[in-house]
Amino acid sequence: MRGAKTVVFLIMVYAGSMLAMMTPVSAQVSPNPDVDIQCTPSSVPIDVYPGATRTGVTYCTATNPTGYAEVVRITVTSGGLAYAAPGSVTVPAGQSIDFEVTVRGDMRMQETTRTVSVSGVVDTANGVANPNPVPKTVSIMVVVKQFSRLQVEATEPFKQLRPKVDYYFEFKVYNQGNALDKFNIEVSNREDLEEAGFQISLPMIATEIDAQAPAQKVNVLVRTPKVQGWSDDYHQMTFKATSDFSVRTEGIPNYQSQMITIYVRGVYLPGFEIIPTLSMLALAAAVGFRRLQEEDDELELL
């Protein structure tokens with residue numbers, strides 16, 4: 001009798017230990033259809049400069065914490081961006097399934113940040129419709145990155161001037177990037193022109209321009225050389241604009257140059273302007289001609 005009691009006691013202890021081991025496992029299994037959604041990375045950058053793929057990807061995982069095989073419907077709210085994602089995934093009991101969500105921006109679209117939501121909801125569990133579908137949602141940030149791009153135009157690519165005259169050359173700078181940018185202005189061959197006798201003045205050395213805004217006009221004041229005597233020379237002036245954003249962020253300066261030709265032709269006499277000088281020479285010639293004519297008339301009378 002005592003032996004039988006011992007056997008029953010040992011059986012009860014074994015059964016109790018087995019139940020104790022099984023209880024934590026049972027607690028991890030959800031009794032109702034359920035799903036968990038996680039996506040990495042949570043911030044997705046997109047390049048939209050001309051030639052870029054304009055796409056970004058986040059990698060998501062749907063986890064089934066139940067003892068049923070589930071069909072999970074995937075819904076994406078893309079904030080106006082084009083996207084690609086599976087319409088649904090089948091997740092076995094207690095397992096996970098990975099899937100991708102790809103978003104795409106428009107070419108040259110403005111620098112911006114958009115929120116994209118990825119939702120999963122259990123449609124069926126073991127082939128039975130879910131009576132209480134509760135969506136699980138995760139949000140990711142899509143960052144449309146800034147890029148630099150510019151265009152430079154010269155209003156007068158060729159100009160003929162006299163020596164020692166002042167003239168404003170006008171250039172147009174366009175911001176063809178996708179965000180506000182500052183452009184640094186310079187005459188890249190300024191030293192060569194100054195060695196040739198030019199004087200260069202830049203009233204503006206930098207300008208800020210909104211993306212796709214009308215052109216910003218930039219003037220360069222030039223005084224032609226005052227080398228004594230006759231001038232008949234061609235000179236080139238190179239106007240250059242550089243994106244400040246490209247220097248600070250992109251690592252490679254993004255710039256554009258525009259070259260114009262200045263033809264300096266005429267005579268310069270120190271202390272005299274060219275028009276008064278020519279007028280005086282013409283007057284002197286007229287007086288001299290009149291005197292010669294008078295002398296000829298006097299000889300005829302003799």
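Visitor: Which strands form the open sheet, and in what order?
Guide: Four of them, in the order E1-E3-E7-E5, with antiparallel pairing. Strands pair here if DSSP finds at least two bridges between them. Helices (H or I, at least four residues) and strands (E, at least two) are DSSP runs, numbered from the N terminus. Before we go on, this is a predicted model, where local features need pLDDT of at least 70, side-chain atom pairs count only at pLDDT 80 or more, and totals for chains, interfaces and linings use all residues. Residues are numbered from 1 along each chain as its sequence is written, and side-chain values use heavy atoms, with hydrogens and water left out.

Visitor: Which are the edge strands?
Guide: E1 and strand E5 (82-84), each of which pairs on one side only. From one strand to the next, the twist averages 25 degrees; axes are lines fitted to C-alpha atoms, for helices over the stretch in contact, and angles run from 0 to 180 degrees between N-to-C directions.

Visitor: How many bridges join E1 to E3?
Guide: There are 5, and the two strands run antiparallel. Ile 37 stands opposite Ala 62 in E3.

Visitor: OK, and E8, what joins it to E4?
Guide: 8 bridges, again antiparallel.

Visitor: Which residue takes a positive phi in the hairpin of E8 and E9?
Guide: Asn 126, near 55 degrees; the hairpin has 2 residues between the strands. Strand E9 covers residues 128-129 and has 2 bridges to E8, and Ala 125 has Val 128 as its bridge partner.

Visitor: Switching to packing: which residues have the most contacts inside the largest nonpolar core?
Guide: Phe 99 and Val 118, in a core of 26 residues. A nonpolar core means buried Ala, Val, Leu, Ile, Met, Phe, Trp, Tyr and Cys residues joined through side-chain atoms within 4.5 Å. Buried is under 20% relative accessible area, exposed is over 50%, and partly exposed is in between (1.4 Å probe, protein chains only).

Visitor: Which elements give two or more residues to it?
Guide: Among them are strand E3 (55-63), strand E7 (96-104) and strand E8 (112-125). E10 gives the most, with 4 residues.

Visitor: And what does Phe 99 touch?
Guide: Leaving out residues up to four places away in sequence, its contacts include Tyr 59, Ile 74, Val 89 and Val 118. Contact means heavy atoms within 4.5 Å. There's also a second, separate core of 24 residues, which includes Val 173 and Val 264.

Visitor: What about Ser 78, buried or exposed?
Guide: Ser 78 counts as buried because its relative accessibility is 10%. You'll find Ser 78 in the loop between E4 and E5. A polar atom of its side chain lies 2.5 Å from the backbone oxygen of Leu 81.

Visitor: Where's Ser 188, then?
Guide: In the loop between strand E14 (181-187) and helix H2 (190-195). At 41% relative accessibility, Ser 188 is partly exposed. Its C-alpha is 5.8 Å from that of Thr 238, though they're 50 residues apart along the chain.

Visitor: Last one: how many helices and strands does the protein have?
Guide: 4 helices and 19 strands. Of its 302 residues, 31% count as buried.

Methods: Polar contact = N/O pair within 3.5 Å; in protein donor to acceptor, adjacent residues only side chain to side chain.
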